[in-house]
Amino acid sequence: MKDEEIDDVLKETAGGPHVLKAETLQRVSDSIKTSLRPVRPLPPTWVLAGGLVLVCAAVALAGAARAGFYGIGKMDFLERALIFSTLVVSAWVVGIGFVHEMIPGSRRHIAPGALLAIVSGLSVCVFALLFRDYQTSAFFSAGIACLLTGLLFAVPTALLAWLLLRRGFAVNPVSAGLAAGTLAGLAGLGMLELHCQNFQAAHVLVWHVAVVPLSAAAGAFVAWALRLRASSGDRERVTRN
Amino acid sequence: MAHYQQGDFNAAAVLIAQLSPQLHRFFLAQLASRADADDLLQETWLRIHKVRHTYRPGEPVLPWLYAIARRVRVDHYRRSIRTTGRQQAMEDMSEIPATVSAGSGRLDDFSALLAPLSDGEREVIVMLKVEGMSLEEAARATSSTVGSVKQKAHRAYKKLRETMSATRRSGRGTAEDCRER
């Protein structure tokens, strides 16, 4: 059986224009009539993504200003240029992805999960290329401290990012949470690169980079929990009615 | 849509009149009952109204609209599963039309025709073949890539081809039986 024949059967069985009862349409119109007032459309994607990158930069800089710019002070020019340009480009790409998740019907080039993998992989490549000190002194104690610091700064970034995009509507909250968490993780990673002067390859590759996937996982989990809570609220309303 | 965002009720009424039939058919094609489709339609318009500021003039309307409709449908499905607590019953329900279709040997009902398909494949087929959306629009509406939409459509066509060929064969078999008798 050819595709054209299947097309014909589909068109035939779907029938002509679907007709709805006038009262159904009237009921829908009436339901929105009372609250109809002008609204301001969301700004363009680049404005929102730019805002998200600024939020990330502000949180990372504020964190490093408080803790000290020891890491960036110890880096040479090539390290600074490569690391921070990679972080800014990653934040921009993830920011665009997050904006798309918050606007229904947006074009999606890469799924948030794939974006997380690319951003984490890119960071690993850049750090592996630049840091050649393969000692592992105080691997766990220093590493866990860095991981917690990075995650600590991811939290305000995620909250500010949510505040910036609060007028959006996520058709898939878990994907949106994953994108928001990835973005927040990049801010945490940026803060660590500005502050941490431990340039041991293993430390940076494991504990610094881990901030991004852990923050993304936390974002997805929070979004899932919120959706569950919202649907439980709906269920209670339905049961009460 | 831009007039609707500016608070023009007539523009809203025109949009509702023009787009409701296809949204209703979209819900019906997802194996919803007529009453459920009515509820989903009403809920979708309320949701659209609430988030109408997320539409940006110049962008295609249909993907935006269907993306919201999908979310409403998914929420409704989850809620119904939790409310009844009979997930198994829902799965059984989704198999009923396929059984009826195969048994009767007729493909005169659109929902029955699409019943063997998964939710994702079904919605892609409805968007592409019934609503006439492009691959790009369907990808936007389903928050996926064009490649993913193509893959779903391909799988759906494979299943439809198998179902229709089986139906044709059984139809031919029945006709031959009648002639022999």
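Predicted model: local features only at pLDDT ≥ 70, side-chain atom pairs only at ≥ 80, totals over all residues.
Let's start with two helices of chain A: H3, covering residues 45-67, and H5, covering residues 77-101. Their axes come within 8 Å and cross at roughly 130°. Angles over 145 degrees would count as roughly antiparallel and 65 to 115 as roughly perpendicular, with the rest left as oblique, so H3(A) and H5(A) end up oblique to each other. The crossing of H3(A) past H5(A) is right-handed.

Who does the touching? On the H3(A) side you'll find A:Thr45, A:Leu48, A:Ala49, A:Leu52, A:Val53 and A:Cys56. H5(A) answers with A:Val88, A:Ala91, A:Trp92, A:Gly95, A:Ile96, A:Phe98 and A:Val99. Sorted by class, this contact has 11 nonpolar and 2 polar residues, and no charged ones.

## H5 against H6

H5(A) also packs on H6 of chain A (residues 112-130), this time at an angle of about 180° and with the axes 11 Å apart. That angle is over 145 degrees, so the pair H5(A) and H6(A) is roughly antiparallel.

From H5(A), the residues involved are A:Glu79, A:Leu82, A:Ile83, A:Thr86, A:Ser90, A:Val93, A:Val94, A:Gly97 and A:Glu101. They meet A:Pro112, A:Leu115, A:Val119, A:Leu122, A:Ser123, A:Val126 and A:Leu130 of H6(A).

## The core and Phe98

The largest nonpolar core has 99 residues, and the members touching the most others are A:Cys56, A:Phe98, A:Leu183 and A:Leu186. Helix H8 of chain A (residues 173-195) supplies the largest share of this core, with 12 residues.

Two of those names have already come up: A:Cys56 and A:Phe98 both sit in the contact of H3(A) with H5(A). Setting aside neighbours within four places in sequence, A:Phe98 is in contact with A:Leu52, A:Ala161, A:Ala176, A:Ala179, A:Ala180 and A:Leu183.

## Where chain A meets chain B

Between the two chains, 45 residues of chain A are in contact with 55 residues of chain B. On the chain A side, the elements giving two or more residues are helices H1 (3-14), H2 (22-33) and H10 (211-240).

Which of the elements gives the most to this side? That's H2(A), with 8 residues. By class, the side of chain A that touches chain B divides into 21 nonpolar, 13 polar and 11 charged residues.

Note on methods:
Residues numbered from 1 in each chain as written. Chains lettered and ligands numbered in written order. Axes fitted to C-alpha atoms, helices over the stretch in contact; angles between N-to-C directions. Helix = DSSP H or I, 4+ residues; strand = E, 2+ residues; numbered from the N terminus. Parallel < 35°, antiparallel > 145°, perpendicular 65-115°, else oblique. Left-handed = near helix turned anticlockwise from the far one by under 90°. Contact = placed C-beta atoms within 7 Å. Nonpolar A, V, L, I, M, F, W, Y, C, P; charged D, E, K, R; others polar. Core = buried A, V, L, I, M, F, W, Y, C linked by C-beta atoms within 7 Å. Buried ≥ 20, exposed ≤ 12 C-beta atoms within 10 Å, placed from the backbone.
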